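Q: I have a new structure open and would like to talk it through. Can you take me around it?

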Amino acid sequence: MCAAVRLLAVLMFVTAGSAVAQEKHLIDRTRPGSLNPEPLPPLQNPDAPSTPAKELFARKSTPFPGPPRSIGGDFDGCLAGAVPLPVTGPAWQVMRPSRNRNWGNPQLVRFVERFAKDAKKAGWNGLLIGDMSQPRGGPMLSDHTSHQIGLDVDIWFTPMPDHVQSREEREFGSASDVVAPDLRDVDPKVWTHSHTELLRAAAQDPAVIRILVNAAIKKALCREAGADRAWLFKVRPWYGHAEHFHVQIACPADSGECKPPLPPLPSDGCGHELEFWFRESTLHGPPSKPKPALTLAGLPPACKQIVKAP
Ligand SMILES: [Zn+2]
């Protein structure tokens, strides 16, 4: 695809989401969990074609057995053969475990294991892991619209504490917001050089294809990257993402049904590409109009079998 067409496609994607505006606290992926999560009530009519797919996927607490398959795209797909990330690892801890979203393609779990080590080398104590995917992927009940095929992970900008956290700490602990209140830069009281090094280490992992951060963070990275800037193209500005960053890895070679996203533009994204994000209309635009919920008809046919299996 030529660069102009790709830029147009990226801008169309941006426009589709722009109604979300920069109300970063409205799209908080780190809101509290629960110590006693209530099981969801059974659906009255689960086979109705109008049933939102998120209602079906949210009711599956176990993975679909068999070989790992990431099927479809990040915004319209599902996952078979998922594996869980252990809630406590040598250098990571899963947050909000009540959500049961610490599932992924085995390649994603391998990435977290590898990145936790690299982050330590970059001076970061350990990772606090937010949402990955549901046991069978698919859309989620919250407004989290991506993360559907087990290749995405949200990682908090708060370093891991030195102790193994209790269930209470994991469900209710709060994430640090590293963006200044005016949304135009990082907050110097919270942002540190280790944050830059953490993002550099993530972007340098060969499996990583894209990292989403708040535009204010991208601006800081552009300023602080120094001479080694080859990794910056993977880190892209997006709405929200002030308390966590979103890492996406490539479609695994053995997932033939996986739909890769458009690759980021090859530029470092530091020049005039950033201007859009700091316009008043982007920072304080109108609230988003809710989109109609995805049904199974909007997902690859294999996802129906995956979510309907016991
Ligand atoms: Zn995410």
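Q: Let's start with Asp-205. Which residues is Asp-205 in contact with, leaving aside neighbours within four places in sequence?
A: This is a predicted model, to begin with. With those neighbours set aside, Asp-205 is in contact with Phe-111, Arg-114, Asp-118 and Lys-234.

Q: Where is Asp-205 found?
A: Asp-205 is in the loop between H5 and E9.

Q: Buried or exposed?
A: Asp-205 counts as buried, because its relative accessibility is 3%.

Q: OK, zoom out. How many helices and strands does the protein chain have?
A: There are 8 helices and 11 strands in the protein chain. Its radius of gyration is 19 Å, close to the 19 Å that the globule rule gives for 310 residues, so the chain is as compact as a globular protein of that length.

Q: What box do the C-alpha atoms fill?
A: Along the principal axes, the box is roughly 55 × 50 × 35 Å.

Q: And what share of the residues is buried?
A: Buried residues make up 51% of the 310. As for the surface, the protein chain exposes about 14,100 Å², and carbon and sulfur atoms supply 62% of that area.

Q: How far apart are the mean positions of the positive and negative charges?
A: They are 4 Å apart, for 35 positive and 32 negative charges.

Q: Now the metal. Which residues are the protein donors of the zinc ion?
A: His-147 through NE2, Asp-154 through OD and His-246 through ND1. They lie 2.0 to 2.1 Å from the zinc ion. In sequence, the donor residues are spaced H-x6-D-x91-H.

Q: Where do the two histidines, His-147 and His-246, sit?
A: The pair links distant parts of the chain, 99 residues apart. His-147 is in the loop between strand E7 (127-129) and strand E8 (152-156), and His-246 is in strand E11 (residues 244-249).

Q: Are those two histidines buried or exposed?
A: Both His-147 and His-246 are buried. For His-147 the relative accessible area is 0%.

Q: What is the phi of His-147?
A: It is positive, about 60°, although His-147 is not a glycine. Most residues other than glycine have a negative phi.

Q: Which other residue has a positive phi without being a glycine?
A: Asn-100 is one of them, with a phi of about 55°. Asn-100 is in the loop between E5 and E6, and at 24% relative accessibility it counts as partly exposed.

Q: What about Asn-102, where is its place?
A: Asn-102 is in the loop between strand E5 (92-94) and strand E6 (103-104). Asn-102 counts as buried, with a relative accessibility of 9%.

Q: What does Asn-102 touch, not counting residues up to four places away?
A: Asn-102 touches Val-83, Pro-84, Leu-85, Val-87, Val-94, Met-132 and Ser-133.

Q: Change of topic: why is helix H6 largely enclosed?
A: In H6 (residues 215-224), 7 of the 10 residues are buried, so the rest of the structure largely encloses the helix. The buried residues are Ala-215, Ala-216, Ile-217, Lys-218, Ala-220, Leu-221 and Cys-222.

Q: What covers the buried residues of H6?
A: The cover includes helix H5 (193-203), strand E9 (208-214) and strand E10 (235-238).

Q: Last one: where is Pro-37?
A: Pro-37 is in the loop between helix H1 (3-18) and helix H2 (53-57). Pro-37 is partly exposed, with a relative accessible area of 46%. Leaving aside neighbours within four places in sequence, Pro-37 is in contact with Ser-98 and Arg-167. Pro-37 and Ser-98 are 61 residues apart along the chain, and their C-alpha atoms are separated by 6.3 Å.

Key. Residues are numbered from 1 along each chain as its sequence is written. This is a predicted model: local features need pLDDT of at least 70, side-chain atom pairs count only at pLDDT 80 or more; totals for chains, interfaces and linings use all residues. Side-chain values use heavy atoms; hydrogens and water are left out. Donors are N, O and S atoms within 2.8 Å of the metal (3.2 Å for Na, K and Ca); water is not among the atoms, so sites may look incomplete. Helices (H or I, at least four residues) and strands (E, at least two) are DSSP runs, numbered from the N terminus. Buried means under 20% relative accessible area, exposed over 50%, partly exposed in between (1.4 Å probe, protein chains only). The radius of gyration is taken over C-alpha atoms; the globule rule is 2.2 Å times the number of residues to the power 0.38. Accessible areas come from the Shrake-Rupley method with a 1.4 Å probe; for residues, only the protein chains shown count as cover. Lys and Arg count as positive and Asp and Glu as negative; His and the chain ends are not counted. The place of a charge is taken as NZ of Lys, CZ of Arg, CG of Asp or CD of Glu. Contact means heavy atoms within 4.5 Å.
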